[in-house]
Amino acid sequence: MYEYIAKNRAKTVVIIIGFVVFITIVGFALGYYVDYRYGINSNFSILFMVAALIISIIVSFSSYYYSDRIVLGLTGARPISREENPRVYYMVEGLSIAAGLPVPGIYMIEDSGLNAFATGRNPQHGVVVFTRGLLENLNDEEIKGVISHELSHIKNYDILLGTIIVVLVGMISIISNIILRSFIFGGRRRTGRTAGGGALSIIFLLLGLALLILSPIIATIIRLAISRNREFLADSTGAMISRYPAGLANALRKISQHSDVRTASNATAHLFIANPFGNRAKAAFSNLFNTHPPTEERIRRLERMSLGVGI
Amino acid sequence: MTIGVIVVIAVILGIALILVLISIGLYNSIISLRNKVDNAWHQIDVQLRKRYDLIPNLVETVKGYAKHERETLEKVINARNMGIDAKTVKDQAKAENMITSTLKSLFALSENYPNLKADQHFSRLMEQLNGIESNIAYARQFYNDMVMRFNTMIQTFPGNVFARMFHFSERDYFEIEEMEAREPVKVSF
């Protein structure tokens with residue numbers, strides 16, 4: 001367990017370093033491009049690179065502190081009050097006591113799909129998020145199963161890694177998108193204006209292609225960083241907290257039928273308890289981003305625990 | 001001194017140093033586990049206090065409707081006072097079991113007083129009490145998990161050596177005596 005937490009922390013550091021390196025390289029490339037285009041002495045490449053380095057370090061630090069809020073904003077989650085839903089408050093409080101964790105913030109997404117996730121940088125700043133559909137369609141035992149699963153993610157520091165990935169990797173794909181577009185459109189405008197226009201557009205085209213390739217690579221990074229095992233681990237730790245694996249197994253059975261969440265994106269999908277693209281998952285690209293093990297397998301393992309076979 | 005002797009001394013010192021470092025690590029992990037047990041106990045205590053605070057309120061409310069049930073009410077109050085005075089985990093567990101069972105007879109009694117059952121204040125108190133009782137159960141689960149880890153640590157080698165040296169003693173589980181109060185056993189790990 002402690003090695004697992006240490007591993008999550010180490011992966012977070014690797015992701016942050018990767019982000020800083022990537023942004024610095026982009027900064028250098030931009031500066032190099034400016035130098036090349038305007039023919040000034042090669043100072044811009046260094047200048048841009050240093051600026052990018054500083055900015056990326058600042059962004060990394062602030063993403064450590066604010067990425068949970070960004071994730072909540074991206075998914076359209078809002079805090080719910082005790083008066084609004086005392087039932088879920090009682091359950092979250094009780095299970096937090098059983099898990100030995102501080103009581104996390106409780107948020108809800110207005111969506112009829114059945115899903116849930118946890119975010120935050122550490123257990124002291126943990127947040128659990130449910131969709132309205134989940135709270136309305138599951139019984140107490142099933143919701144307790146889901147809560148225990150999310151509390152396990154908090155306890156294991158899966159939330160730190162998952163949340164940082166959303167922001168930093170998401171930012172990289174946005175940046176590469178912007179660069180890609182500006183090269184495509186910018187390149188077209190310039191053709192014929194300068195003598196070396198033809199050569200330049202070829203360079204831009206190659207750069208654009210390279211960035212196009214980047215997108216799936218980013219998806220692979222997410223997949224590598226987030227092993228599918230973490231869902232199995234959270235399932236079994238969750239069963240230890242709720243002492244009732246069948247609750248989560250039944251919940252997963254219901255969730256897998258209607259797990260679609262409108263506000264989920266490729267950047268946030270890995271956080272959810274079940275693939276938020278549910279039926280959309282068959283689309284070609286989402287398979288690349290598939291960070292969830294098959295639900296049937298998870299249910300099978302939980303049922304083995306119920307029978308006392310253990311894992 | 002020959003080189004051989006120096007090497008032997010260095011090796012012995014090296015091994016001694018490693019042993020000292022391992023011992024420090026082990027000692028610290030025993031202490032941190034013991035603190036976790038204490039903290040888990042504190043969590044139970046918080047919930048128990050909430051229940052103690054609620055009981056006088058509840059008794060007063062019931063009194064208003066069921067004046068002739070003095071005996072049952074007194075039992076509840078006595079059990080509560082016993083819980084407050086309890087010093088050891090075992091005494092505490094005993095008192096809490098008593099509180100739980102006397103409260104049960106109090107609720108059974110409320111069935112005979114429709115006006116009491118209809119009282120909004122009473123039903124709100126009941127709801128709170130149910131919440132607290134399930135929290136007590138959860139806190140007990142966490143405490144017992146921690147006690148199990150601590151006890152295992154100081155019963156197995158090499159923790160048992162330290163336990164003897166530094167007088168660490170095993171902690172008591174917070175147990176439920178009545179069979180009916182036990183939660184259904186559905187899982188075995």
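Two residues are taken to be in contact if their C-beta atoms, placed from the backbone, lie within 7 Å. The model is a predicted one, in which local features need pLDDT of at least 70, side-chain atom pairs count only at pLDDT 80 or more, and totals for chains, interfaces and linings use all residues. Residues are numbered from 1 along each chain as its sequence is written, while chains are lettered from A and ligands numbered from 1 in the order in which they are written.

Chain B holds 6 helices and 0 strands, where helices (H or I, at least four residues) and strands (E, at least two) are DSSP runs numbered from the N terminus. Its radius of gyration, taken over C-alpha atoms, is 25 Å, whereas a compact globule of 189 residues would have a value near 16 Å by the rule of 2.2 Å times the number of residues to the power 0.38. The C-alpha trace of chain B spans about 95 × 35 × 25 Å along its principal axes. Of the 189 residues, 21% count as buried, that is, with 20 or more other C-beta atoms within 10 Å of their own; 12 or fewer makes a residue exposed, and anything in between partly exposed.

In chain A, strand β3 (residues 116-119) directs A116(A) and A118(A) one way and F117(A) and T119(A) the other, and all are buried. Strand β3(A) runs antiparallel to strand β4 (residues 127-131), joined by 4 bridges; pairing requires at least two DSSP bridges. In β4(A), V128(A) is the bridge partner of A118(A).

Helix α4 (residues 132-137) of chain A contains N137(A), which counts as partly exposed because it has 18 C-beta neighbours inside 10 Å. Leaving aside residues up to four places away in sequence, N137(A) touches L114(A) and K254(A). The C-alpha atom of N137(A) is also separated by 9.3 Å from that of I255(A), 118 residues apart along the chain.

Helix α5 (residues 140-155) and helix α8 (residues 229-242) of chain A pack at an angle of about 115°, with their axes 7 Å apart; axes are lines fitted to C-alpha atoms over the stretch in contact, and angles run from 0 to 180 degrees between N-to-C directions. Residues making this contact include K144(A), G145(A) and S148(A) of α5(A) and A234(A), D235(A) and T237(A) of α8(A).
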